[in-house]
Amino acid sequence: MARVTFISVIFLAFLSCGLGLVRTPNFAADIARAQQLQGPSKEKRDAVPAGYVAAPYYPTPPGGWVSNWTAAYEKAQKVVANMTLAEKVNLTTGTGESMGPCVGNTGSALRFGIPNLCLQDSALGVGDTDNITAFPAGITVGATWNKALAYARGLALGAEARGKGVNIQLGPVVGPIGRKPRGGRNWEGFGADPVLQAWGGAETIKGIQANGVIATIKHFIGNEQEAYRMDIIPHGLMQAISSNIDDRTLHELYSWPFAEAIRAGVGAVMTSYNDVNGSASSQNSMMINGILKDEFGFQGIVMTDWLAQIGGVSSALSGLDMAMPGDGDIPFFGLAYWAYELSTSILNGTVPLSRLNDMVTRIVATWYQLGQDQDYPLPNFSANTADATGLCYPAALFSPTCITNEYVNVQADHFKVARNVSREAITLLKNTNNTLPLSTSATLAVFGSDAENNPDGPNACTQRSCDTGVLGMGWGSGTANYPYLDAPIDAIKRKAANVTYYSSDSFPSGLTAAAGEIAIVFVNSDSGENQYTVEGNDGDRSASGLYTWHNGDELVEAAAAKYATVIVVVHTVGPILVENWIDLPSVKAVVFAHLPGQEAGDSLTDILFGDYSPSGHLPYSIPVAESDYPSSVSLVGFEFFQVQDTFSEGLYIDYRYLNKHSVAPRFAFGHGLSYTTFSRTSATIAAVTPLSSIPPARAPKGSTPVYSSAIPPASEVAWPAGFSTIWRYLYPYLDDPQSITASSTFTYPTGYQTTPQPDPPAGGDQGGNPALWDTMFTISVTVTNTGKVVGKDVVMVFVQYPSDNPWDTPIIQLRAFEKTDTLAEGANEVVTLQITRKDLSIWDVVSQNWIIPVSSTAPFLFWIGDSSANLTLACESLSGICSDGRATPVVAPV
Ligand code: NOJ
């Protein structure tokens with residue numbers, strides 16, 4: 001498979017350079033080199049703009065103090081207390097790139113039944129293997145606005161991961177959030193709003209983890225563009241982009257979904273490649289020790305993104321627990337910042353033993369928390385090869401041979417949930433004169449290669465790194481192999497008798513429409529991860545911008561010139577600009593099918609032919625022009641020696657920015673039509689908890705495991721007698737551990753301390769102070785299906801802060817939403833939504849706490865509607881009155 005090919009190329013390149021390749025058991029030279037690389041000097045980065053601070057935050061708060069982890073930590077403590085140094089180090093460090101069946105593999109502690117843990121992508125299916133379901137992408141889940149479906153998809157994803165023997169699934173994604181419309185990986189997450197992202201992430205996590213699989217929320221944090229995301233390897237040539245984020249924006253926007261994921265019990269967090277405020281995310285003590293582990297009370301495992309570790313001691317002190325895939329500066333050389341180096345750092349005292357014990361306790365406790373000590377399967381697949389047998393450790397060159405793939409089919413009936421999500425995400429943006437739904441007896445001309453399968457097969461391009469045929473997912477590690485891809489044209493032909501398909505993306509010359517013939521034009525827009533460049537786009541939509549690929553706009557325009565009725569179907573990773581054709585008189589209907597995964601066909605025809613009414617809503621705004629957004633959310637280009645990306649727009653992304661500047665979008669955040677109509681009436685608001693500006697004080701942290709502080713005997717990391725090494729495998733062992741003496745020369749990072757920090761006021765439990773989730777108000781609204789077909793509505797509540805609130809705050813912000821059940825014609829449902837303390841709070845950077853701007857004269861307003869620009873009801877906090885006919889606070893759609 002491609003991974004192996006890539007590895008071979010790297011090997012050949014190194015060989016031809018005459019570099020010494022083969023790892024021998026004598027590590028001395030490597031260790032000396034790695035030691036040079038791992039000191040605090042690696043922390044040195046370019047200066048960031050004034051006001052953006054990565055303050056030191058030490059020491060790491062140990063895990064174990066959150067009550068619903070107590071049992072798992074007690075079990076873990078018993079095990080860790082009896083582990084050797086080698087066993088402890090084993091669990092913290094990957095065995096090396098392509099040194100095991102999964103994309104990441106830890107060492108093991110077999111005496112305690114803990115195997116090499118298997119870490120495997122992706123957020124939409126088990127990556128790089130077979131017999132799985134290729135679920136719709138995160139952005140598609142976001143477009144459903146359906147929490148139950150997000151959970152159901154997570155449940156099915158987790159079942160498949162478990163069936164394949166994956167211990168730690170590398171998803172879901174809530175960072176990027178979608179700050180930059182061109183950002184390459186926005187589609188892996190759930191939409192350009194913290195509350196929508198948070199629900200998508202939390203429900204997915206609950207579903208995955210219900211199977212005992214550890215979910216990983218990623219990428220913490222600020223990974224908003226792909227270009228320049230990593231240090232150039234070898235490190236030091238060029239530093240990763242620095243995402244410069246102020247503290248309030250961090251809390252109210254970017255870390256919000258991560259806090260909610262932690263509250264949902266997520267077992268692992270992956271750091272991002274980029275720096276935050278000039279400090280690498282994999283060793284940013286403020287982000288890991290301060291925000292994740294202290295304020296958010298995270299009890300699980302913090303891992304690096306792949307090859308993002310840039311220092312050994314520095315990352316350990318900053319709170320990292322697991323280095324992935326284990327390699328240090330350059331992969332495939334058997335060099336690491338941890339593994340044998342971590343053993344050294346413990347023996348010479350630079351990394352406190354308590355820190356290593358905490359890393360390992362977190363890993364083992366998470367394993368117990370998810371029940372992986374109970375009959376958990378070992379991996380039965382290989383991400384390295386599709387062959388039944390092959391190299392166990394492909395990067396070792398001389399590797400033993402293993403059974404690599406057992407081809408276990410884990411699909412069950414998960415195609416159903418995949419199809420439900422894909423269908424329910426479909427977003428009807430325009431439907432003049434009820435053009436949709438179509439009759440199955442209509443005469444249809446279907447245009448565009450996006451309607452058919454890639455002629456070379458849906459998996460022809462490695463990790464979907466081409467845009468050929470229907471676009472069911474973006475590209476990169478966030479993909480999975482399609483077991484099949486139900487192409488729209490096949491589904492349309494199954495449904496309708498009179499269909500002609502023109503697969504070219506150029507309109508056939510001379511073609512004219514037959515009487516009554518309807519055109520359906522398929523177009524798309526793709527993006528992905530930075531290791532592949534597709535049609536000039538380096539991950540981000542750097543070349544295509546927000547326009548359709550393959551001259552899709554021209555195809556629509558040409559069809560619109562010849563056909564009286566044109567329906568445009570869009571598969572897309574995010575917003576596109578539709579101005580070239582949206583107002584053409586014959587463009588009667590526009591359907592966004594987002595990224596549907598394997599079920600692209602039937603899910604679409606379910607809607608096109610009216611078996612179901614569309615109920616998807618946009619998880620982002622569609623602007624009229626890209627310049628409607630601030631230049632700070634444009635992609636940032638090359639800068640020597642480190643690219644700076646300063647989030648100067650603060651809280652104002654997507655609809656928040658457009659509203660602030662009174663810019664009407666073409667289609668507002670949340671917009672989505674139905675074949676039926678709904679009324680939202682009889683809103684009521686009930687105060688549940690009296691407002692106070694400061695939340696009730698948090699409880700102090702509970703106790704955490706205590707271990708012996710005696711440095712373990714050096715013999716624990718000596719090579720075991722008769723040990724047979726595998727070249728380039730990362731081991732905890734040292735040639736001459738007895739020679740290691742206490743180090744007195746190590747320079748600790750500025751601000752390093754061993755005295756615990758005071759408990760942060762905003763902390764107190766998983767996710768933060770539990771009082772933040774106290775319900776302050778309950779809002780109810782009656783939704784009635786006033787049309788002629790069955791359908792589902794989405795009720796969204798946006799909060800407007802009191803007019804005398806002293807903080808600069810977006811005019812409205814999404815805070816709650818619910819989707820109704822299927823409502824028959826004339827049927828109604830009372831939808832109830834909770835507004836929490838956190839929903840009403842501002843992050844106060846001075847007191848480092850969430851503050852409600854309580855006012856005795858100006859109310860909070862809760863706007864109720866089905867998009868950020870269609871808010872027809874408002875409830876007031878002070879009077880408790882809900883009314884319609886208020887002037888909406890934001891501009892209406894164009
Ligand atoms: C890098 C990606 O950023 C991350 O999302 C993924 O999980 C790892 N590679 C492993 O493939």
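## Basis of the model

The structure is predicted, and local features need pLDDT of at least 70, side-chain atom pairs count only at pLDDT 80 or more, and totals for chains, interfaces and linings use all residues. Residues are numbered from 1 along each chain as its sequence is written, and side-chain values use heavy atoms, with hydrogens and water left out.

## The ligand and its surroundings

The ligand is surrounded by 13 residues, of which Asp121, Arg185, Lys218, His219 and Asp305 are the closest; a residue counts here if one of its heavy atoms lies within 4 Å of the ligand. By class, this shell holds five nonpolar, two polar and six charged residues. In this scheme Ala, Val, Leu, Ile, Met, Phe, Trp, Tyr, Cys and Pro are nonpolar, Asp, Glu, Lys and Arg are charged, and the others, Gly among them, are polar.

Polar contacts here are pairs of N or O atoms within 3.5 Å. An N or O atom in the side chain of Asp305 is 2.6 Å from an oxygen atom of the ligand. For Arg185, a polar side-chain atom lies 2.7 Å from a ligand oxygen atom, and for Glu529 the corresponding distance is 3.3 Å. The protein covers 95% of the 290 Å² of accessible area that the ligand has on its own (Shrake-Rupley method, 1.4 Å probe).

## The six-stranded sheet

Helices (H or I, at least four residues) and strands (E, at least two) are DSSP runs numbered from the N terminus. Strands pair if DSSP finds at least two bridges between them. An open sheet of six strands has the order S1-S2-S3-S4-S6-S9, with mixed pairing. Its edge strands, S1 (104-105) and S9 (301-303), each pair on one side only.

Strand S4 (residues 214-220) pairs with S6 (residues 268-271) in the parallel sense over three bridges. Ile217 has Val269 in S6 as its bridge partner.

## The four-stranded sheet

A further open sheet has four strands in the order S8-S7-S5-S18, again with mixed pairing. The edges are S8 (279-280) and S18 (642-646), each pairing on one side only. Strand S5 (residues 239-244) and S18 pair in the parallel sense over four bridges, and Ser242 has Gln644 in S18 as its bridge partner.

The peptide bond from Gly175 to Pro176 is cis, with omega near 15°; Pro176 is in the loop between S3 and H7. The bond from Phe640 to Phe641 is also cis, with omega near 20°, and Phe641 is in the loop between helix H17 (602-608) and S18.

How values were computed: Polar contact = N/O pair within 3.5 Å; in protein donor to acceptor, adjacent residues only side chain to side chain.
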